[in-house]
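User: I am new to this structure and would like a close look at a single part. Please start with the open sheet and then lead me on to its surroundings in the chain.

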Amino acid sequence: MIQHLTPLAAAYRQQLPDKTRALVRWRREAFGLLAAFPDGHVAVLDAGAEPLLHAGADYARCASYRLPCLEVPTDFHFSAPLMVWLELTRACNLRCPHCFVEGGVARAGEMTTARILSLLDEWAQMGVFSVILTGGEPTMHPDFLDIVRHAHNLGFVVGIATNGMPVTKRMLAAIPRDDVIISVSIDHLHGQGARKGLSDFEFTKGKLLMMKEAGFNTSIMTTTSSQNVHQLQAIIEWAVENDLSLRSVPFVEMGRGKLNGHLLNRNEDVEAAARFWMAEEEWERVRDPKLGLCAGKVFNFLLTMVYATRRCMSGRGIAYVNSNGDIYPCSTCSGNKVLCAGNAKWTQFREIWEGHWDIRAITWDSFERTCAGCAIADRKYFCTGRCPGSSSVRHGRLDGCGSTNFQKASILRREELFKASIHAEPAVPVRVPPVNASDSSVTA
């Protein structure tokens with residue numbers, strides 16, 4: 001498949017958010033068309049929309065061509081990932097206790113810059129929409145700026161995941177602004193500001209404001225843990241005050257985290273964590289409309305596909321490539337070293353993606369016995385525990401429960417708070433008919 005980058009027609013450009021390139025990214029799929037619009041909408045469309053896409057029509061003009069139904073065989077996957085995490089190096093200036101890649105020392109046999117650049121070329125040809133440059137600390141790669149600029153020139157929406165410490169004004173001056181988001185970690189677990197006598201939060205706030213003043217869309221990444229659950233509210237309040245995006249993920253005991261199980265949240269953390277999640281959800285509804293297409297919006301579309309198709313999108317719409325070229329379905333599988341499909345140093349990515357991948361045989365039906373009797377097995381809940389990667393972390397197999405007791409209790413409490421406070425549909429609404437078999441049709 002070949003990605004098309006069509007300039008958005010001039011008539012539709014006035015309402016685009018700042019720092020957004022007026023490009024419609026789209027490609028053909030077996031079911032029709034997959035398109036990502038510069039306002040942030042991602043959609044599966046009937047093939048009849050192709051003339052409109054060639055002409056640079058916006059999402060509103062193409063919306064009538066959305067597929068009403070999508071055939072989903074057990075091994076359903078897109079012709080290429082929609083987004084890929086690319087680990088430039090495992091080298092890092094920090095040794096965080098929760099780091100799933102055990103960042104610090106470069107991996108043996110890391111990919112050359114030439115291979116990284118050619119890999120980006122392959123993804124552009126296949127039609128990947130978004131690339132997240134990560135590490136380790138990606139800015140420590142000697143050719144970081146060349147890699148960022150190459151990815152941007154190929155038309156990708158680019159995310160940069162950094163701890164912020166090596167980032168300077170001079171570096172920022174060399175990075176494109178449009179379609180680039182820089183995400184900085186604030187976890188109260190890093191020790192970024194220790195050398196300057198500052199807390200993590202105080203040090204990282206300064207870096208984020210520097211990036212914002214330099215003209216970038218910026219975001220906070222935070223890993224929720226037992227050690228920071230009561231500090232999270234201050235982070236979200238500061239993000240709102242300074243008009244910054246925020247996304248959180250739970251601590252998972254993999255990589256260096258295996259040695260730091262005390263970071264797992266406990267049941268007594270449920271209320272504080274749920275209220276933080278509510279604040280995050282409410283802020284996302286305010287902040288996201290100010291952004292164009294970005295990694296977060298592509299990821300939200302994939303979450304919709306998870307719920308609608310009853311199967312994980314890791315290895316179906318997402319991939320993670322570590323710095324020595326190993327290709328995994330997602331960051332969790334990479335951190336726990338399971339379900340590796342091949343190595344990009346020796347094999348073309350397309351060949352690996354189009355080949356057999358064990359994760360594609362696993363659907364929510366594979367968890368039927370595991371989930372029987374669970375309070376959150378009901379379809380009204382979006383349980384992320386049907387996750388082969390998380391199951392492998394906790395049980396050493398791919399079809400066990402990937403949720404902790406804390407996560408289960410949190411889902412129930414979040415649902416209560418959501419109904420009481422927001423009175424609205426979830427941020428990524430989806431209409432789904434009953435699904436009782438792995439091979440089925442779902443609304444798209």
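**The four-stranded sheet and beyond**

Analyst: Four strands form an open sheet in the order S1-S2-S3-S4, and their pairing is antiparallel; here two strands pair if DSSP finds at least two bridges between them, while strands (E, at least two residues) and helices (H or I, at least four) are DSSP runs numbered from the N terminus. This is a predicted model, in which local features need pLDDT of at least 70 and side-chain atom pairs count only at pLDDT 80 or more, whereas totals for chains, interfaces and linings use all residues. Residues are numbered from 1 along each chain as its sequence is written, and side-chain values use heavy atoms, with hydrogens and water left out.

At the edges of the sheet stand strand S1 (4–7) and strand S4 (42–45), each with a single partner strand, so one side of each is left without a neighbour in the sheet. On average, neighbouring strands of this sheet are turned by 25° against each other, direction ignored, with axes taken as lines fitted to C-alpha atoms. Strand S3 (residues 32–36) runs antiparallel to S4 and is joined to S4 by four bridges, and Leu 34 stands opposite Val 44 in S4.

To place this in the chain, a domain assignment, automatic or from a database, divides the chain into domain 1 (5–62), domain 2 (83–352) and domain 3 (360–424). The centres of domain 2 and domain 3, taken over C-alpha atoms, are separated by 23 Å, and 34 residues of domain 2 are in contact (heavy atoms within 4.5 Å) with 30 residues of domain 3.

In helix H7 (residues 232–241), the residues Leu 232, Ile 235, Ile 236, Trp 238 and Ala 239 are buried, that is, under 20% relative accessible area with a 1.4 Å probe and protein chains only, where over 50% is exposed and anything in between partly exposed. Seen down the axis of H7, these buried residues fall within an arc of 160°, so they line one face of the helix; the arc is that of the directions from the helix axis to the C-beta atoms. Among the elements covering them are helix H6 (200–213), strand S10 (217–224), strand S11 (245–250) and helix H8 (270–287).

Finally, His 356 lies in the loop between helix H11 (349–353) and helix H12 (368–371), and counts as exposed because its relative accessibility is 66%. Although His 356 and Asp 75 are 281 residues apart in sequence, they are 9.2 Å apart in space, C-alpha to C-alpha.

Definitions and conventions. Axes are lines fitted to C-alpha atoms, for helices over the stretch in contact, and angles run from 0 to 180 degrees between N-to-C directions.
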